Amino acid sequence: MKIVSFRQYCINLMQNCKCRENLDPHGNARDNRIYEVLEKCHLRDMVLSLGGLDVHVLEGGDSFSLGQRQLLCLARSFLKSTKVSFMF
């Protein structure tokens, strides 16, 4: 069973690169799978409004609010097919 934990202030997880690369650093997921996960986290429309998966994310995730960064970290754990995720 995969268990993922991430800090409530997940700034260190957000890199200075595309949204796609932040969510799927190893490039294993297809776009439709990433958008499916974003939909589950209520972020799909927001990411699309910013320009889609190729939108540039500033270092530390400054492109997004704290709540959005937390949801992006949750989306990343969903892409890893994690059974249990918790935030501390």
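The protein has four helices and four strands, where helices (H or I, at least four residues) and strands (E, at least two) are DSSP runs numbered from the N terminus. Along the sequence these elements follow the pattern β-β-α-α-α-β-α-β. This is a predicted model, in which local features need pLDDT of at least 70, side-chain atom pairs count only at pLDDT 80 or more, and totals for chains, interfaces and linings use all residues. Residues are numbered from 1 along each chain as its sequence is written, and side-chain values use heavy atoms, with hydrogens and water left out.

The mean pLDDT (the predictor's confidence in each residue, from 0 to 100) is 81 for the protein, and 75% of its residues reach 70 or more.

Of the 88 residues, 38% count as buried; buried means under 20% relative accessible area, exposed over 50%, and partly exposed in between, with a 1.4 Å probe and protein chains only. The accessible surface of the protein comes to about 5400 Å², of which 51% belongs to carbon and sulfur atoms. Accessible areas come from the Shrake-Rupley method with a 1.4 Å probe, and for residues only the protein chains shown count as cover. Among the contacts (heavy atoms within 4.5 Å) with a separation of 6 or more, 74% are accounted for by residues 24 or more positions apart.

Five salt bridges are counted, a salt bridge being a side-chain nitrogen of Lys or Arg within 4 Å of a carboxyl oxygen of Asp or Glu. Lys 18, Arg 20, Asp 31 and Asp 54 are linked in a network of such bridges. Arg 20 is partly exposed, at 23% relative accessible area; Asp 31 is partly exposed at 36%, and Asp 54 is partly exposed at 43%.

A further salt bridge joins Arg 44 and Asp 45, with the closest N and O atoms 3.8 Å apart. Arg 44 counts as partly exposed at 31% relative accessibility, whereas Asp 45 is exposed at 57%.

Helix H1 (residues 19–23) also contains Glu 21, which counts as partly exposed at 36% relative accessibility. The C-alpha atoms of Glu 21 and Leu 53 are separated by 8.4 Å, the two residues being 32 apart along the chain.

Arg 76 is placed in helix H4 (residues 66–79). Arg 76 is buried yet has no salt bridge, and the nearest side chain of opposite charge, that of Asp 24, is 8.4 Å away; for charge, Lys and Arg count as positive and Asp and Glu as negative, while His and the chain ends are not counted. A polar atom of the Arg 76 side chain lies 2.8 Å from the backbone oxygen of Asn 22.

Terms used
A polar contact is a pair of N or O atoms within 3.5 Å; within protein, one must be able to donate a hydrogen and the other to accept it, and residues adjacent in sequence count only if both atoms are side-chain atoms.
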